[in-house]
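Work through the exercises below with the sequence and the 3D view open. Each task is followed by a solution in steps.

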Amino acid sequence: MTDIASSVRGDRARIFQDLSQLVGFASVHNEPGHEQANKDAAAWVAAALSDAAFSVESIPTTDGSIAVLGNRPGDEGAKTVLLYSHYDVVPAGDPAAWESDPFTLTERAHADGTTRWFGRGAADCKGNVAAHLAALRAVEEAGGTKLNLKFLVEGSEERGGAGLSALIEERPELFAADAILIVDAGNSAVGQPTLTTSLRGGGQVRVKVTTAESAVHSGQFGGAAPDAVKALMRTLDSLTDEYGRTVIDGVECRDTWDGQGYPADNFRADAQLLDGVAIAGEGSSEGATETEIASMLWSRPAVSVIGFTSTPVSEAVNAVANVAEAALNLRVPAHMSAADTEAKLIEHLKNHVPWGAHIEITSWDANQGFATDPELPAARVFAEAFSEAYGTETTAQGMGGSIPLTTELQEKYPNAEIILYGVEEPKAVIHSANESVDPTEIEAVAIAEALFLTRF
């Protein structure tokens, strides 16, 4: 433990160098003008794996991305561990929203004595690639590992990862392993080692409400002519109770999370709630309790209105709207069927649209959630290593996002243990402007991973 920790913490300059080079690639998949950056990031990863003594195969996939797969054999009969991350990123968005160039890794110190590294992908997921590489260097300095190692880094995860999904179907033998370390998650807070044991599935639903052939003058017809915007608003409001909790007819929406709670103050800060805004859910005048918050995030379905269209305010005229449309994002806990919940959501919307308004609904992208048992052997070894690396007990949490790769690998290799962790804690604000990573998180994750690779 002491040697590995010392090795990783003494490697910070190299970690910064690796991450700086990776962040320098604006590797957004399937984005005009970013094609070469995506390829260059893949080439960088391939070279880094080769330097770490892996035999490397760069595999073009069906969606145009390149999956980089490394292999390093261990002792005959030893277990196989697959390490996963991705090198693609989401777009940086408005450059003016960033305090520094999003594709230049920038260190900034804060008054509280902490330091963070800023850049697109610094946490999600290039910081995790850097942690993998640091762990491997520490393992070698400690005498190596007997394990058979595989290292997979994909290039289109942020755009759905269809290329890797197709590759898993075409060449499943590439991904066979006893333990699969999916490093695309994060701790509940800086310094708190956390395994992600549950991922929500979900789907996308678009609903359109129409009440008339065209908009009509509000002076002549307003009051008696049904307003399509109001009709859609009433339909959507039926999905929420008086506490702000999700309601879907025929779906259990009150399950309780039995793992670590989510403290209200932490959630308020992480979700960037404004002063005076209560947290949705039953609890107190200020909102939900920490168990209620965790339950709504990880044990219950949730529906978010992610888009709404009618007449723009800037184009408003004195007319009763005849059409309104909304895009809904459905999140479903791992123990529920995403497809069944999506179907019941659609039926709920049809049954709750008022005034006989016409309703059209389309849906797509229903994906199942994922759950793993933290008491399985590899997970226990990793949790112990995690606790040693951080000096505090490892906890478990759910995560709101879905990672389809987890369920795909679970289906192909039901006996493989899948362990989720990473450097993407809440302060990283992944996918937002000024994404960042705490370098101590990269170090501690690398120490834990190195300990695991020497012990499993």
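This is a predicted model: local features need pLDDT of at least 70, side-chain atom pairs count only at pLDDT 80 or more; totals for chains, interfaces and linings use all residues.

**Exercise 1: A peptide bond**

Task: State which kind of peptide bond joins Asp 124 and Cys 125.

Solution. 
Step 1. Omega for this bond is about 10°, and the bond is cis. Most peptide bonds are trans.
Step 2. Cys 125 is located in the loop between strand 5 (115–118) and helix 4 (126–141).

**Exercise 2: A sheet and its helices**

Task: Give the order of the 4 strands in the open sheet, then name the helices that pack on the sheet.

Solution. 
Step 1. The order is 13-15-9-16, with antiparallel pairing.
Step 2. Strand 13 (302–309) and strand 16 (358–367) are the edge strands; each has a single partner strand, so one side of each lacks a neighbour in the sheet.
Step 3. On average, neighbouring strands of this sheet are turned by 20° against each other, direction ignored.
Step 4. Strand 9 (residues 201–210) and strand 16 run antiparallel and are joined by 8 bridges. Arg 206 has Thr 362 in strand 16 as its bridge partner.
Step 5. Helix 7 (residues 228–237) packs on the sheet and touches strand 9, strand 13 and strand 15 (323–332). The direction of helix 7 makes about 15° with that of strand 15.
Step 6. Helix 10 (residues 338–352) packs on the sheet too, touching strand 9, strand 13, strand 15 and strand 16. Its direction makes about 170° with that of strand 16.

**Exercise 3: Nonpolar cores**

Task: How many residues does the largest nonpolar core have, and which have the most contacts inside it?

Solution. 
Step 1. This core has 64 residues, and Val 81 and Tyr 421 have the most contacts inside it.
Step 2. Helix 13 (residues 439–455) supplies the largest share of this core, 10 residues.
Step 3. Val 81 touches residues including Leu 147, Ala 177 and Phe 452.
Step 4. Another core, of 25 residues, lies apart from it; Ile 59 and Phe 175 are among them.

Conventions:
Residues are numbered from 1 along each chain as its sequence is written. Side-chain values use heavy atoms; hydrogens and water are left out. Two strands pair if DSSP finds at least two bridges between them. Helices (H or I, at least four residues) and strands (E, at least two) are DSSP runs, numbered from the N terminus. Axes are lines fitted to C-alpha atoms, for helices over the stretch in contact, and angles run from 0 to 180 degrees between N-to-C directions. Contact means heavy atoms within 4.5 Å. A nonpolar core is a set of buried Ala, Val, Leu, Ile, Met, Phe, Trp, Tyr and Cys residues joined through side-chain atoms within 4.5 Å. Buried means under 20% relative accessible area, exposed over 50%, partly exposed in between (1.4 Å probe, protein chains only). Lists of a residue's contacts leave out its neighbours within four places in sequence.
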